[in-house]
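Subject: Handover of a structure

Dear colleague,

Please find below the structure that I am handing over to you. I would be grateful if you could read it together with the notes that come after it.

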Amino acid sequence: MTRSVVLLALVLTPVLSGCQDQEARAQNEALTRRVAALEAQVRILRDREQAPPRPRMPVR
């Protein structure tokens with residue numbers, strides 16, 4: 001029984017590791033997209049701060 005458990009563990013280890021690797025890559029891709037979106041937002045806010053103020057329309 002012990003021998004079969006060890007063999008099963010040896011067979012399943014690469015499969016389980018492959019699933020974990022695939023999940024980690026998917027999470028990294030999602031995080032990369034999120035970071036890119038946040039960086040774009042920061043650039044927009046920074047550009048707004050540096051832009052000269054727009055003239056206001058007079059109130060009637």
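The following paragraphs set out what was found in this structure.

Please note that this is a predicted model, in which local features need pLDDT of at least 70 and side-chain atom pairs count only at pLDDT 80 or more, while totals for chains, interfaces and linings use all residues. Residues are numbered from 1 along each chain as its sequence is written, and side-chain values use heavy atoms, with hydrogens and water left out.

I begin with the overall form. The protein chain contains 1 helix and 0 strands; helices (H or I, at least four residues) and strands (E, at least two) are DSSP runs, numbered from the N terminus. Along the principal axes, its C-alpha atoms fill a box of roughly 90 × 25 × 10 Å. The radius of gyration of the protein chain is 27 Å, whereas a compact globule of 60 residues would have one near 10 Å. That radius is taken over C-alpha atoms, and the globule rule is 2.2 Å times the number of residues to the power 0.38.

Next comes the surface. Of the 60 residues, 0% count as buried; buried means under 20% relative accessible area, exposed over 50%, and partly exposed in between (1.4 Å probe, protein chains only). The protein chain exposes about 6300 Å², of which carbon and sulfur atoms supply 61%. These areas come from the Shrake-Rupley method with a 1.4 Å probe, and for residues only the protein chains shown count as cover.

A nonpolar surface patch is formed by Leu8, Val11, Leu12, Val15 and Leu16, with about 450 Å² of accessible area together. Val15 belongs to helix H1, which covers residues 2-50, and is partly exposed because its relative accessible area is 47%.

Ala37 lies in helix H1; its C-alpha atom and that of Ser4, 33 residues apart along the chain, are separated by 49 Å. Gln27, likewise in helix H1, counts as partly exposed because its relative accessibility is 44%.

Yours sincerely

Note on methods
Patch = residues over 30% accessible without salt bridge, like charges linked within 9 Å, V, L, I, M, F, W, Y side chains within 5 Å. Salt bridge = Lys/Arg side-chain N within 4 Å of Asp/Glu carboxyl O.
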